[in-house]
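Look at the model below before reading on.

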Amino acid sequence: MYGISQFPGAAALLLLALGDIASAAKPSAGCGKAAGIAAGNHTLTVNSKSRWYLLKTPEAYDNNHPYRLIFTLHAMGGNPTLVANGEGGYLPWYGLPALATDSIGAIYVNPNGLDRGWANRGGEDVTLMTDILATVKENLCIDENLVFSVGFSYGASMSTALACSSAKVFRAISAQSGGLMSGCAGGDDPIAFYGQHGVDGDLNITVARSIRDRFIKNNGCTQEEFRSPAIGSGVHTKVEYKGCKEGYPVTWLEYDGGHTPQPRDKGVNATYSAVETWKFFSQFK
């Protein structure tokens with residue numbers, strides 16, 4: 001079990017996030033009704049292919065409370081079970097449930113990629129997310145204005161594909177060390193964007209920076225010089241861009257290190273990935 005005390009600086013970051021960007025809730029059709037689906041493993045057919053996902057709901061689920069919905073997407077070679085259990089380098093559900101308090105909690109969806117990845121051929125993985133979202137909206141109480149996606153590596157690429165194609169559906173994404181392997185159909189609409197990438201990772205950081213710059217432009221932010229951490233420094237640097245359209249922030253972080261879902265600063269035992277992602281997501285109310 002991971003608690004806030006295990007994420008250095010978590011309390012301070014979460015306090016900064018409280019009450020930042022508010023909008024009227026948009027309760028889904030499942031609000032006010034008995035839950036139509038339970039936590040656990042679910043299957044569906046997309047493009048004549050059997051697909052599956054794991055669902056996590058709050059222990060004290062309230063069918064009158066519109067929860068935020070967060071997609072947690074695995075990397076290449078991963079699967080939903082690894083993400084849910086916190087195995088294979090992941091924190092459980094990317095470490096977000098440990099930071100989400102009961103008052104603002106969330107429902108989590110953890111889909112399985114074809115061939116353990118997110119090639120998104122013909123947009124079939126975007127269709128998967130769309131179909132899962134439709135099922136959740138009909139059967140559980142969520143706030144349709146608070147739908148998010150987080151992923152590492154291939155999962156980050158798929159989150160970026162969702163940002164490109166479905167910016168009017170997803171409120172924000174967190175792309176951790178990703179690229180464009182899942183494509184970017186559309187990609188002209190604003191969406192709140194958090195990205196992080198290692199300066200010495202397996203995926204070229206130049207591509208990740210180009211994705212960042214796309215959303216800096218889409219969101220009307222002011223571009224500024226970013227100083228990357230030196231290789232061997234053991235630290236990370238971060239910028240929260242200024243001048244963005246209201247409700248469409250962009251945050252970018254680079255760290256001295258390789259391709260990992262849990263980067264750490266030198267001498268620190270815990271990662272900042274979960275804390276920074278939750279800080280970014282939880283500013284939307």
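This is a predicted model: local features need pLDDT of at least 70, side-chain atom pairs count only at pLDDT 80 or more; totals for chains, interfaces and linings use all residues.

Q: In which order do the nine strands of the open sheet stand?
A: The order is S1-S2-S4-S3-S5-S6-S7-S9-S8, and the pairing is mixed.

Q: Why is one side of strand S1 and of strand S8 left without a neighbour in the sheet?
A: S1 (40-46) and S8 (236-240) stand at the edges. Each has a single partner strand, so one side of each has no neighbour in the sheet. Across this sheet, neighbouring strands are turned by 15° against each other on average, direction ignored.

Q: How do you know that S1 and S2 pair?
A: Pairing takes at least two bridges. S1 and S2 (residues 49-56) have seven, in the antiparallel sense. Therefore they pass the cut-off of at least two bridges. In this pair, His42 stands opposite Tyr53 of S2.

Q: Which strands does helix H3 touch as it packs on the sheet?
A: H3 (residues 124-139) touches S1, S2, S3 (67-73), S4 (106-111) and S5 (142-152). Its direction makes about 125° with that of S1.

Q: What makes H3 and H4 roughly perpendicular?
A: H3 and H4 (residues 154-165) pack at an angle of about 80°, with their axes 10 Å apart. Angles of 65 to 115 degrees count as roughly perpendicular. So H3 is roughly perpendicular to H4. Asp125, Val126 and Met129 of H3 meet Met158, Leu162 and Ser165 of H4. By class, this contact has four nonpolar, one polar and one charged residues.

Q: Why is S5 called largely enclosed by the rest of the structure?
A: Buried means under 20% relative accessible area. Nine of the 11 residues of S5 are buried, so the strand is largely enclosed.

Q: How many bridges join S5 to S3, and how many join S5 to S6?
A: Six bridges join S3 to S5, and the two run parallel. Here Leu73 has Gly151 of S5 as its bridge partner. Five bridges join S5 to S6, also running parallel. Ser149 stands opposite Ile173 in S6.

Q: Why is helix H6 called largely enclosed by the rest of the structure?
A: 10 of the 10 residues of H6 are buried, so the helix is largely enclosed. The buried residues include Trp278, Phe280 and Phe281, and also Glu276 and Lys279.

Q: Which residues have the most contacts inside the largest nonpolar core?
A: They are Leu69, Phe71 and Tyr241, in a core of 45 residues. H4 gives the most to this core, with seven residues.

Q: What makes the phi of Asn120 worth a look?
A: Most residues other than glycine have a negative phi. Asn120 is not a glycine, yet its phi is positive, about 55°.

Q: Is Ser177 buried or exposed?
A: Ser177 has a relative accessible area of 1%, so it is buried. Ser177 lies in the loop between S6 and S7. It too has a positive phi, of about 60°, although it is not a glycine.

Notes
Residues are numbered from 1 along each chain as its sequence is written. Side-chain values use heavy atoms; hydrogens and water are left out. Helices (H or I, at least four residues) and strands (E, at least two) are DSSP runs, numbered from the N terminus. Axes are lines fitted to C-alpha atoms, for helices over the stretch in contact, and angles run from 0 to 180 degrees between N-to-C directions. Contact means heavy atoms within 4.5 Å. Angles under 35 degrees count as roughly parallel, over 145 as roughly antiparallel, 65 to 115 as roughly perpendicular and the rest as oblique. Ala, Val, Leu, Ile, Met, Phe, Trp, Tyr, Cys and Pro count as nonpolar, Asp, Glu, Lys and Arg as charged, and the others, Gly among them, as polar. A nonpolar core is a set of buried Ala, Val, Leu, Ile, Met, Phe, Trp, Tyr and Cys residues joined through side-chain atoms within 4.5 Å. Buried means under 20% relative accessible area, exposed over 50%, partly exposed in between (1.4 Å probe, protein chains only).
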